Amino acid sequence: IVQEVLNVVLRIPAETHIMVRYIGIQLVGELCKWIEKHPQALEPVLQFLLAGLQNSDVSTVAAKALQRICEQCNEQMTSHLDGLIQVLRAVDTFNVTNDAALELIKGTVIILSQLPHAQITTGMRQMCAMQAEPLMKIIAEEAGTPIPGVPQRDPAVWLDRLAAVFRSCSPKVKHGKVHPCQSVIMETWPVLSSTCEKYQ
């Protein structure tokens with residue numbers, strides 16, 4: 001029965017009333033435990049949610065549903081990590097809220113946490129760079145330099161996103177071993193420090 005209901009939801013036409021689409025997307029997120037046990041449903045569900053991200057009326061609920069899928073199905077989702085990182089790179093070109101972007105970051109980092117430590121370090125470096133580079137440009141702009149390619153000029157937006165990256169990363173680290181995020185934190189700290197100093 002769940003599969004039949006899911007099939008109906010995934011075929012909801014784009015012109016359907018927004019509340020029906022909203023509830024459909026919410027239902028898909030609530031079915032995350034079922035989807036984990038039925039991995040054949042994962043691919044069409046991801047396509048459905050990614051399409052929802054591109055509509056500002058449902059982007060936040062689509063991002064929340066995607067975050068729930070990432071959290072529940074993190075092992076199956078590791079093969080989709082590169083695609084999620086690409087979506088994050090382009091997230092500000094979509095018509096999404098900052099809350100939706102934060103949910104996407106959380107979901108992506110949850111999957112990243114399942115990988116071997118060397119890959120976690122590389123992925124975290126990418127995730128942090130996406131937030132730190134705009135911060136550096138914003139600080140430079142205050143000094144009179146132009147600021148191309150930064151859609152959100154409020155430093156709090158990028159600080160929130162950086163916080164979401166670090167807050168959502170929870171790899172298993174054996175006692176006495178170096179945390180895979182340590183080097184990334186050290187690399188990111190100068191940007192955080194400059195931002196805090198500038199806007200204290």
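## Helix packing and core contacts

Met 127 touches Ile 85, Leu 88, Ile 105, Thr 108, Val 109, Leu 112 and Val 165, not counting residues up to four places away in sequence. Contact here means heavy atoms within 4.5 Å. This is a predicted model: local features need pLDDT of at least 70, side-chain atom pairs count only at pLDDT 80 or more, and totals for chains, interfaces and linings use all residues. Residues are numbered from 1 along each chain as its sequence is written, and side-chain values use heavy atoms, with hydrogens and water left out.

Met 127 sits in helix α9 (residues 117-142). Helices are DSSP runs (H or I, at least four residues), numbered from the N terminus. Met 127 has a relative accessible area of 0%, so Met 127 is buried. Buried means under 20% relative accessible area, exposed over 50%, and partly exposed in between, with a 1.4 Å probe and protein chains only. From Met 127 to Glu 4 the C-alpha distance is 37 Å, across 123 residues of sequence.

The largest nonpolar core has 60 residues. Such a core is a set of buried Ala, Val, Leu, Ile, Met, Phe, Trp, Tyr and Cys residues joined through side-chain atoms within 4.5 Å. Met 127 is among the residues with the most contacts inside this core, along with Ile 35, Leu 49, Ile 69, Met 77 and Met 124. Ile 35 contacts Val 28, Leu 42, Val 45, Ile 69 and Cys 73, leaving aside its neighbours within four places in sequence. In soluble globular proteins, nonpolar side chains tend to be buried together.

Two packed helices are described by the angle between their axes and the distance between the axes. Axes are lines fitted to C-alpha atoms, for helices over the stretch in contact, and angles run from 0 to 180 degrees between N-to-C directions.

| Helix pair | Axes come within | Crossing angle |
|---|---|---|
| α1 (residues 2-10) and α2 (residues 18-30) | 10 Å | roughly 140° |
| α7 (residues 81-89) and α8 | 10 Å | roughly 155° |
| α8 (residues 98-112) and α10 (residues 155-168) | 8 Å | roughly 25° |

Angles under 35 degrees count as roughly parallel, over 145 as roughly antiparallel, 65 to 115 as roughly perpendicular and the rest as oblique. A crossing is left-handed if the near helix is turned anticlockwise from the far one by less than a right angle, and right-handed if clockwise. For residue classes, Ala, Val, Leu, Ile, Met, Phe, Trp, Tyr, Cys and Pro count as nonpolar, Asp, Glu, Lys and Arg as charged, and the others, Gly among them, as polar.

Take α8 and α10. With axes crossing at roughly 25°, α8 is roughly parallel to α10. The crossing is right-handed. On the α8 side the contact uses Asn 98, Ala 101, Leu 102, Ile 105, Lys 106, Val 109 and Ile 110; on the α10 side, Val 157, Asp 160, Arg 161, Ala 164, Val 165 and Ser 168. By class, these residues are eight nonpolar, two polar and three charged.

Next, α7 and α8. Their axes cross at roughly 155°, and the two helices are therefore roughly antiparallel to each other. Here the crossing is left-handed. α7 contributes Leu 81, Leu 84, Ile 85, Val 87 and Leu 88, and α8 contributes Ala 101, Leu 104, Ile 105, Thr 108, Ile 111 and Leu 112. The class count is 10 nonpolar, one polar and no charged.

Last, α1 and α2. Their axes cross at roughly 140°, which makes α1 oblique to α2. This crossing is left-handed. Val 5, Leu 6, Val 9 and Leu 10 in α1 meet Gly 24, Leu 27 and Val 28 in α2. Six of the contact residues are nonpolar, one is polar and none is charged.

**Loops and buried polar side chains**

Ile 12 lies in the loop between α1 and α2. Beyond its neighbours within four places in sequence, Ile 12 contacts Val 20, Arg 21 and Gly 24. Its C-alpha is 9.9 Å from that of Ile 25, 13 residues apart along the chain.

Thr 93 occupies the loop between α7 and α8. Thr 93 is exposed, at 65% relative accessible area.

Gln 67 belongs to helix α5 (residues 59-72). Its relative accessible area is 6%, so Gln 67 is buried. Gln 67 touches Glu 103, Lys 106, Gly 107 and Ile 110, not counting residues up to four places away in sequence.

Thr 188 is in helix α11 (residues 182-198). Thr 188 counts as buried at 6% relative accessibility. With residues up to four places away in sequence not counted, Thr 188 touches Cys 128, Leu 162 and Phe 166.
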